[in-house]
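Have the viewer open and follow along.

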Amino acid sequence: MFLTRRPTAEVVAPPAGEPMENAGRVRVGISFELVLLSISDAEETFKVELDIKYTWQARGFYESYVRGGRPRKDSREFEALVEDCWDPHVRISNVDGTEELVSNKTICVDIDTGRMHRYTKYRVALAEGLELERFPFDRQCLGIHLHTFRDTSEVIFGPYDGRPSLVTSRANRWKLYNNYDPLMLIPDPASLGLIATSGRSYHRAFIVLEVERDYHWYLVHFFLPHAIILVMNANVVVIDRNFVADRCAVTLTMLLTAVAFQFLLVSEVPKKRYLTILDRVIAMGLTLQLITCAMVFLHADNPSLPERSFNPFYEVSDETVGQIEILYMWVIILPWLLFNLGVSMLAMTGKFHKSFGSMMKQTEQDWIAKVLGGKMAGDKVTGSYTLWRVGTKRGLETVTLVDGERVSAPEEGNTVFNRAGEGGCFRPASQEINRSPSLHSSHKDKTMGAP
């Protein structure tokens, strides 16, 4: 009988951006293909079709394989070994409602090391607190929260380099950024926010979608009609003040039209406890109409006294009325037109948009604040996390915060965001990123039929 010697397990160095004490833990490498289906402002949820692949080394698999009599890879006994192997138990934690598991398949690509690949496909709605102060000129960083039931002494997350990640979108009125170079956020395993009530720490990873609302629909279907409706209030100026009924009819008709128009668009407007840009525009429009109604009321004339107003509050001549209404055109109507034009121009030049870089390098996202030990967005927390570009290009950047303020600036060329914060500026190819071999696709991945 010939004895076979099991190959010695490879000693794995921690990836760049991870401390040396992470060595020895099982690293779960993650890659994904994702389709963004829709985003709901009212419910603050987004729906995705997520095809996620993660890879790990199953502890004790080789021993179980030997004890099981070394079954063939295409046998039921081998499939049972794979199904019962050591599992990191990766789950999505911010599911809103129920998740639909479309498919789930685990493949062993290396028996000697216990290297496993799992392919799981979900259709799921996810909860996300949207930042809508700049609606409809807003950008959002939508997070898919991945967690494990095994603590950080056993499992930590990292990107999987063997398969580039990809994000596409079918969501109406949203534009997707960096779809070929999506973003992952991985916190330091020592972060305070990872500690559960039991005192044990559980690692997390966040798939980040960088999306921007297509504001053109709102400019064409809301801002333009709303501006025209309110400008029509200027018709009262060309109607003699003796015709009080006609003036009131024009004013009230425009008021009712504006209110009805807002009711038609109520489903498109988010319900938040703070005012958005669109809310402020609506409030300004109603104020303009209130001023117009007050002017018509105060300038109502008595036909029997051509030179005097019958208004009981004050008396005003026709000449003064003409001057006031000309002033109304220059001070109210014209600035309203210029304001709407200015809003449109600022939107087209991107002045209302926050950069994705600023959104991800501070604690504006509540889940970043919580994972670092805070309670809500904006808390002054201390900790660090790593931003990874996991698509066709590769890049990483470690962000360190002290009391909510960033204390270390990235080196030139070593950042996942450019100056505009749109992504795409990476470490030069000549500077090789030292990543863990356990998260790379090995030669056996290619020769043993791994997809």
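Glu 100 counts as partly exposed because its relative accessibility is 43%; here buried means under 20% relative accessible area, exposed over 50%, and partly exposed in between, using a 1.4 Å probe and protein chains only. Its partner is Arg 123: the two side chains meet in a salt bridge, 3.6 Å from N to O. That term takes a side-chain nitrogen of Lys or Arg within 4 Å of a carboxyl oxygen of Asp or Glu. Glu 100 sits in strand E4 (residues 95-110) and Arg 123 in strand E5 (residues 115-127), so the bridge ties together parts that are 23 residues apart in sequence. Arg 123 is partly exposed too, with a relative accessible area of 34%. The pair also belongs to a network of salt bridges that links Glu 49, Glu 100, Lys 121 and Arg 123.

A word on what you're looking at: this is a predicted model, where local features need pLDDT of at least 70 and side-chain atom pairs count only at pLDDT 80 or more, while totals for chains, interfaces and linings use all residues. Residues are numbered from 1 along each chain as its sequence is written, and side-chain values use heavy atoms, with hydrogens and water left out.

Back to the charges. The count comes to 16 salt bridges. One of them joins Lys 175 and Glu 212 at 3.4 Å, N to O. Lys 175 lies in strand E9 (residues 174-177) and Glu 212 in strand E11 (residues 204-213), so this pair ties together parts 37 residues apart in sequence. Lys 175 is partly exposed at 35% relative accessibility, whereas Glu 212 is buried at 2%. Another bridge brings together Glu 154 and Arg 150, again given as 3.4 Å from N to O, and Arg 150 counts as buried at 18%.

Now move to Gln 365, in the loop between helix H7 (356-360) and helix H8 (366-371). Helices (H or I, at least four residues) and strands (E, at least two) are DSSP runs, numbered from the N terminus. Is Gln 365 buried or exposed? Its relative accessibility is 3%, so it counts as buried. Leaving out residues up to four places away in sequence, Gln 365 touches Glu 128, Glu 131, Cys 141, Met 359, Met 360 and Ala 377, a contact being heavy atoms within 4.5 Å. With Glu 131 there is a side-chain polar contact of 3.5 Å: a pair of N or O atoms within 3.5 Å where, within protein, one must be able to donate a hydrogen and the other to accept it, and residues adjacent in sequence count only if both atoms are side-chain atoms.

Next, find Glu 133, in the loop between E5 and strand E6 (139-148). Glu 133 is partly exposed, with a relative accessible area of 38%. The C-alpha atoms of Glu 133 and Tyr 274 are separated by 7.2 Å, although the two are 141 residues apart along the chain. Beyond four places in sequence, Glu 133 touches Tyr 274, Leu 275, Thr 276, Ile 277 and Arg 280.

Finally, zoom out. The protein has 9 helices and 14 strands, and buried residues make up 48% of its 451 residues. Among contacts between residues at least 6 apart in sequence, 71% join residues at least 24 apart.
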